[in-house]
Amino acid sequence: MRILLIEDDYLLAQAVATALTKQNYVVDIAADGEAGWELISVCNYDLILLDVILPKLDGISLCRQLRQSGHQMLILLLTAKDTKTDKIIGLDAGADDYVVKPFDFQELSARIRALLRRGNTSLPPILEWGSLRLDPSTCEVTYADIVLNLTAKEFSLLDLFLRNNQRIFSRSAIVDQLWSAEKDPPEENTIKSHIKSLRQKLKAAGANYDFIETVYGMGYRLKALSNEQKCQKNQQETDLKQQKTLLTAIAQQLENFKVKVGSRITVLNLAADALRKGLLDVELRQKAEQEAHKLAGSLGSFGFPKGSLLANEIEDIFQNLKSTSQAKCFYLDKLLIKLQRELEKTPVEQRQNLLLVISNDRQVVEELIKEVENQELQVKIATNLTTARNIIPSLNPDVVLLDLDIHKDSLKLLTELSQRLPLPEIPVLVFTERNNFSYRVEVARAGGRGFLQKSMPPSQILESVSQILEQTCIIEARVMVVDDDSQTLTFIQQSLEPLGLTLKTLEDSRYFWDNLTEFSPDLLILDVEMPHINGIELCQVVRNDPYYKFLPVLFLVENVNTDIVEQIFAIGADDCISKTAKNSQLITHVLNRIKRT
């Protein structure tokens, strides 16, 4: 399969190309729309990965131009965040699908596979020819159950022949399909050498040497099957081989990315300094906007999701710079400091949310898999409870969808997953054909997080899955707590740190400002009564600052009475809670405040 990637961010383009090459795709890269058009005019591509914002010729215009010229290859748009207009216009212009930047490399890979399947609906997911079996999703090739260890080019050759099993490929046709346009075409003996090596490996596994036959004067093709029949094997539970392949490829590019991304940060710092001094010219502003845009689109893909959000805010500042103010310069400096701190951290592992479906209802499962193709979700299937119990420890799914009709002991598995101490609970949604109240009660008692009907549309079932994932994700936020009572600080710390929140506690309010500016919290929790400087005064200081005036503030009060509530809300508090509140109440107030920021 040959892919053209049209992307002006060199670092991101190289990383995507590396990841796709590891999956045996042939990838060409173009840095602008015009260069992409030139490559399309001379090469045949199965798929085009097309960035929307490009130099010379933008992605939407190029997509429209391709369709008007009669090109029918698949087009997958790469769009910026929150640009719904771009998505709609792009799809109207003829694109087949879109992925939002920054994207997860696994999601991108899944979208590509889904599109290629859609574009070749007659082709099965597993390619078979007699006793030969090639699995494109895991890159595994077997002959009569013997695994063949193939090179990347040998795999690509075999994949090409299997997908076109009636076609004769000349050497030039093989080169067009399997060699990148950036590289010099191989010599004739190179093709012969790959074919010879592939034949020998097939023969060693038990196939005839001429499994791939030579049609003299024309080229090569698969030899027609005689008495050999296609293998009929049930697809086993898939493993995480593809994920490991992708993560390995991206890890190889990460160090290169981290080294070169420094030059982009330098441009942003230069622009911020010029803005502060009133010397920012149009050229530097545009350069800073471009670099921020590239960072917003790529940092999340390399394991820095917060970095992408910060870069997006920085891009907005340079993009909408109609006037300069001290507050805007201060805010830009804070964003750049936060961005550099994020890049000093260890990147988070790219991983799609994993849904484990436990069901032997083929129709329901197939409909769910089809529906999930366009979502950021990975799906694994277990057709019985025994298999599910065996694979759950290694898969560690984010959520389980359990068919209660699969076995009479289904509720036992539900109880196990909701009470698997000391390991964290795995949220379980159940779906069934039954719909009586007593059964609903049993599911609730066993720890079920949702009761769904099999008759529901797949989209509605997956919507419930998404809601559970949103509720269970660890919230990454910074919370600063100021209270002169050490016991209160300990109680808050023990309550909030298990949620994944980063805490900063302070007993002496005289050191408040230095700690605030250094820690830069997402939520501030203040005690009302404190020596030296009380919480109300601290809140007023925060509300008077142009940068921190919108920081959420939650007050801790001894007694929630009308007078104190009116007083703290009058000076700008967002919420208050009694110091005697339970752990669960504190968590609810804190999470609600963070989610609204």
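**Note on a predicted model**

1. C539 is buried, with a relative accessible area of 0%. C43 is buried too, at 14%. Buried means under 20% relative accessible area, exposed over 50%, and partly exposed in between (1.4 Å probe, protein chains only). A search of the whole structure finds zero disulfides, a disulfide being a pair of cysteine sulfur atoms within 2.5 Å.

2. This is a predicted model, in which local features need pLDDT of at least 70, side-chain atom pairs count only at pLDDT 80 or more, and totals for chains, interfaces and linings use all residues. Residues are numbered from 1 along each chain as its sequence is written, and side-chain values use heavy atoms, without hydrogens and water.

3. How confident is the predictor? pLDDT is its confidence in each residue, from 0 to 100. The protein chain has a mean pLDDT of 82, and 88% of its residues reach 70 or more. Among the elements, β19 has the highest mean (95) and helix α4 (residues 84-92) the lowest (71). Helices (H or I, at least four residues) and strands (E, at least two) are DSSP runs, numbered from the N terminus. Over residues 227-240, pLDDT stays under 50. For that stretch the model has 24 contacts beyond four places in sequence; contact means heavy atoms within 4.5 Å.

4. The largest nonpolar core has 53 residues. Such a core is a set of buried Ala, Val, Leu, Ile, Met, Phe, Trp, Tyr and Cys residues joined through side-chain atoms within 4.5 Å. Residues with the most contacts inside it include V16, L108 and I112. Beyond four places in sequence, I112 is in contact with I3, L20, Y25, L47, L49 and L76. A second, separate core has 30 residues, among them I195, L198, A205 and L222.

5. Look at D527 in strand β19 (residues 523-527). Is D527 buried or exposed? D527 is buried, with a relative accessible area of 3%. Its side chain makes a polar contact of 3.2 Å with that of K579. A polar contact is a pair of N or O atoms within 3.5 Å; within protein, one must be able to donate a hydrogen and the other to accept it, and residues adjacent in sequence count only if both atoms are side-chain atoms. D527 also touches others, including V482, F555 and L556.

6. In helix α15 (residues 410-418), the buried residues include L411, L414 and S418. What covers the buried residues of α15 includes α14 (385-395), β14 (399-403) and α16 (437-446).

Notes:
pLDDT is the predictor's confidence in each residue, from 0 to 100.
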